[in-house]
Amino acid sequence: MLLSSTPRGARLARLLTVDTLRSWGLPHEGASHVVAELAANAATHGRLPGRSFRLTLYVIGTALRIEVTDTRGDRLPAPQVPQAEGESGRGLLLVEALADRWGVTEERFPRKTVWAELDLSAPEPGNSRSGVLGG
């Protein structure tokens, strides 16, 4: 799904993630926090006027893969040591803590995709777990 590179677009990404994962019968708590951080980073640091970011969710084997693609391939994310009284700089530390794996894929300039994978427990019987959000 393409979303506006704004705080509103980042909030919508989190809400859509919760709704989608509930419909797939998957836990959404950790994933919603990861999406919130990656989408906020895309809207804040990956923003170019008039350009959107893309959120993709899918299941590979026993892992949920979250991908957030923006148009600032020249600005790669890196975890920072936050200042004690600082109000920012903790997003990627949270992603590191919640995700089992994460990284950055540099794509055809000017894009990059920040991805995270969360290992899933055994699926509940009868629930579909496949598809791509916004295809």
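**View 1. The whole chain, end to end.** Starting at the N terminus, the elements of the chain run β-α-α-β-β-α-β-β. In total that comes to three helices and five strands, where helices (H or I, at least four residues) and strands (E, at least two) are DSSP runs numbered from the N terminus. What you're looking at is a predicted model, in which local features need pLDDT of at least 70, side-chain atom pairs count only at pLDDT 80 or more, and totals for chains, interfaces and linings use all residues. Residues are numbered from 1 along each chain as its sequence is written, and side-chain values use heavy atoms, with hydrogens and water left out. Of the 135 residues of the chain, 39% count as buried; buried means under 20% relative accessible area, exposed over 50%, and partly exposed in between (1.4 Å probe, protein chains only). Take the contacts (heavy atoms within 4.5 Å) with a separation of 6 or more: 62% of them come from residues 24 or more positions apart.

**View 2. H1 against H2.** These two helices pack at an angle of about 155°, with their axes 8 Å apart. That makes H1 roughly antiparallel to H2. Here, axes are lines fitted to C-alpha atoms, for helices over the stretch in contact, and angles run from 0 to 180 degrees between N-to-C directions. Angles under 35 degrees count as roughly parallel, over 145 as roughly antiparallel, 65 to 115 as roughly perpendicular and the rest as oblique. On the H1 side you'll find Pro7, Ala10, Ala13, Arg14, Thr17, Val18 and Leu21, meeting Ala31, Ser32, Val35, Ala36, Ala39, Ala40 and Ala43 of H2.

**View 3. His28, between the two helices.** Look for His28 in the loop between helix H1 (7-23) and helix H2 (29-44). His28 counts as buried because its relative accessibility is 16%. Leaving aside residues up to four places away in sequence, His28 touches Val18, Leu21 and Arg22. With Arg22 there is also a side-chain to side-chain polar contact, at 3.4 Å. A polar contact is a pair of N or O atoms within 3.5 Å; within protein, one must be able to donate a hydrogen and the other to accept it, and residues adjacent in sequence count only if both atoms are side-chain atoms.

**View 4. Ala97 in helix H3.** Ala97 lies in H3, which covers residues 91-98. With a relative accessible area of 62%, Ala97 is exposed. Its C-alpha atom is separated by 9.7 Å from that of Gly30, although Ala97 and Gly30 are 67 residues apart along the chain.
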